[in-house]
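Open your viewer and keep the sequence panel beside it. We will select a few residues at a time and see what is there.

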Amino acid sequence: MRTLKQLNNPFSVENMQIALDSLLANKESLNGSMRAPSALDEFEITATDLYIRYLPKDSTEYRTLMNDSTLTLFDFPLDYEWKQIGEYYKDPTVTGEYTWLYTRVPVVYAPHSGIEYEVLEELFILEHSPYYSI
């Protein structure tokens, strides 16, 4: 099986903090490009969402996840480079009939009871933060 290249997630809390630190370090050069560069001083990067994956063990768990209208599930990892659209991915570490299902959920999300899941990364998505306004 081909090895896929894992990408650096731009929405990870760690990467968003690096971006904010860069803006803060160069605040004087932002004149005119931002409404209020001083607002950056009060900006705090904290997790708004989680990148998670579920591993259903049977058709009942699979249907439970698929019927959850609050989830957008993918049967491939979202943080990997794909060479060809439409490639089927099955995690080589999974031996059962089902593979991991990947999604993003709010930090307050309550996972489905009894279905194996794993938090892969904490995310900061501006539109889900208190700093976002239309």
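Select Glu118 first: at 32% relative accessibility, Glu118 counts as partly exposed. Here buried means under 20% relative accessible area, exposed means over 50%, and partly exposed is in between, using a 1.4 Å probe and protein chains only. The side chains of Glu118 and Arg53 meet in a salt bridge (2.9 Å, N to O). A salt bridge is a side-chain nitrogen of Lys or Arg within 4 Å of a carboxyl oxygen of Asp or Glu. This pair links distant parts of the chain, with Glu118 in strand β3 and Arg53 in strand β1, 65 residues apart. Strands (E, at least two residues) and helices (H or I, at least four) are DSSP runs, numbered from the N terminus.

A word on what you are viewing: this is a predicted model, in which local features need pLDDT of at least 70 and side-chain atom pairs count only at pLDDT 80 or more, while totals for chains, interfaces and linings use all residues. Residues are numbered from 1 along each chain as its sequence is written, and side-chain values use heavy atoms, with hydrogens and water left out.

How many salt bridges does the rule give? The count comes to three. For another one, select Asp49 and Arg104, whose closest N and O atoms are 2.5 Å apart. Asp49 sits in strand β1 and Arg104 in strand β2, 55 residues apart, so this pair too links distant parts of the chain. Is Asp49 buried or exposed? Asp49 is buried, with a relative accessible area of 0%, whereas Arg104 is partly exposed at 34%.

Next, pick Glu61 and Lys57, which form a salt bridge with the closest N and O atoms 2.4 Å apart. Glu61 counts as buried at 9% relative accessibility, and Lys57 counts as exposed at 61%.

Now for the nonpolar core. Select Leu50, Ile52, Tyr54, Leu65, Leu71, Leu73, Leu101, Val105, Tyr109 and Ile115: these 10 residues make up the largest nonpolar core. Such a core is a set of buried Ala, Val, Leu, Ile, Met, Phe, Trp, Tyr and Cys residues joined through side-chain atoms within 4.5 Å.

Zoom in on Leu50. Not counting residues up to four places away in sequence, Leu50 touches Thr103, Arg104, Val105, Val107, Val119, Glu121, Glu122 and Leu123; contact means heavy atoms within 4.5 Å.

Jump to Asn9, in the segment before α1 (13-25). Asn9 is buried, with a relative accessible area of 13%. Leaving aside neighbours within four places in sequence, Asn9 is in contact with Asn15, Glu121 and Leu123.

Last stop: select Leu126, Tyr131 and Tyr132. Together they make a nonpolar surface patch of about 270 Å², with accessible areas from the Shrake-Rupley method with a 1.4 Å probe, where for residues only the protein chains shown count as cover. Patches are made of residues with over 30% relative accessible area and no salt bridge: like charges are joined within 9 Å, and nonpolar side chains (Val, Leu, Ile, Met, Phe, Trp, Tyr) within 5 Å. Tyr131, in the segment after β3 (116-123), is partly exposed at 36%.
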